[in-house]
Each structure stands twice: as C-alpha cells, then as structure tokens.
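Biologist: I would like to learn how to read helix packing. Can we work through a case together?

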Amino acid sequence: MSDVDPTRVTHQDAVRRPTPRVWVVASGLLALVAVVLFAFSIPVVAAWAWIGIAFQVAIFAAIAVNGLTGRRGSYQGYIFAVLMCVQAAVALLVMVVIAVAAWAPLG
C-alpha cells in the first residue's frame with residue numbers, strides 16, 4: 001500500500017510537479033475577475049477598492065516571479081499553492097469589506 005494519499009493537496013501533481021504557465025494563467029484569471037469587481041466598487045468605496053486592486057496586482061506579480069525565477073520542483077509548487085490561497089482569501093476579504101461598507105448606513 002502506498003503512503004501517498006491522493007486526497008491531500010500536497011500530493012497533487014500540480015503541486016509536486018508544477019507547470020508555471022498554468023499557475024500564472026490561473027492567478028491572472030483570478031486577479032482579472034477581482035480587479036474588475038473592485039473597479040466597479042471604486043465609486044462606492046474607493047480606498048478599499050484600490051487596496052484590493054493593489055494586493056491582487058502584487059500577488060499576481062509574486063506568482064509570475066516565482067514562475068520565472070523559482071526553484072523547480074515541489075517547493076515551487078507549494079509557493080504557488082500558498083500564493084493562490086492568499087490571493088483568493090484577500091479577494092474575498094476585500095469584497096466582504098466593500099459589501100459591508102456599501103450597505104452600512106451613513107452617519
């Protein structure tokens with residue numbers, strides 16, 4: 001019986017033998033969706049929308065740099081996975097803050 005559990009994220013091929021192009025494209029799509037949503041939120045809550053845009057661009061740049069210069073292998077895959085989780089969490093958190101700020105009563 002094998003010690004590799006296929007249900008664990010750390011045992012997935014995308015993490016163990018990453019393809020940088022796939023991670024960069026996935027991160028780019030997530031960043032694009034988040035930035036478009038934040039751009040529509042600029043008239044409502046400009047500061048949080050710009051903060052969200054800045055974080056998405058920065059995390060996408062970190063993923064791109066890891067893809068271009070990172071050490072090949074599972075270590076690079078772990079970095080990709082962590083950065084994508086952070087990117088998704090930041091996008092969700094900023095959208096929740098924007099929604100709360102938009103629905104909060106003024107005054």
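Biologist: What span should the 24 residues of H3 have, and how far apart are its end C-alpha atoms?

Modeller: Keep in mind that this is a predicted model. At 1.5 Å a residue, H3 should span 34 Å, and its end C-alpha atoms are 34 Å apart, so the two values agree.

Biologist: How are two packed helices described?

Modeller: By the angle between their axes and the distance between the axes. Here, helix H2 (residues 20–41) packs with helix H3 (residues 46–69) at about 170 degrees. Their axes are 9 Å apart. That angle makes H2 roughly antiparallel to H3, because the cut-off is over 145.

Biologist: Which residues of H2 and H3 meet?

Modeller: From H2, the set includes Trp-23, Val-24, Leu-30, Val-35 and Phe-38. From H3, it includes Ile-53, Gln-56, Phe-60 and Ile-63. The residues of this contact divide into 15 nonpolar, six polar and no charged.

Biologist: Which residues in H3 are buried, and what covers them?

Modeller: Buried residues in H3 are Ala-49, Gly-52, Ile-53, Gln-56, Ile-59, Ile-63, Ala-64, Asn-66 and Gly-67. The cover includes H2 and helix H4 (74–103).

Biologist: What does UniProt list as "transmembrane region"?

Modeller: The unreviewed UniProt entry lists residues 21–42, 48–68 and 80–104. Now compare the record with the model. Residues 21–42 are 95% helix and 0% strand, with end C-alpha atoms 31 Å apart. Residues 48–68 are 100% helix and 0% strand, and their end C-alpha atoms lie 30 Å apart.

Conventions. Residues numbered from 1 in each chain as written. Predicted model: local features only at pLDDT ≥ 70, side-chain atom pairs only at ≥ 80, totals over all residues. Heavy atoms only, no water. Axes fitted to C-alpha atoms, helices over the stretch in contact; angles between N-to-C directions. Helix = DSSP H or I, 4+ residues; strand = E, 2+ residues; numbered from the N terminus. Parallel < 35°, antiparallel > 145°, perpendicular 65-115°, else oblique. Contact = heavy atoms within 4.5 Å. Nonpolar A, V, L, I, M, F, W, Y, C, P; charged D, E, K, R; others polar. Expected span 1.5 Å × (residues − 1). Buried < 20%, exposed > 50% of the residue type's maximum accessible area, 1.4 Å probe, protein only. UniProt positions renumbered as here; feature names shortened; annotations may be inferred.
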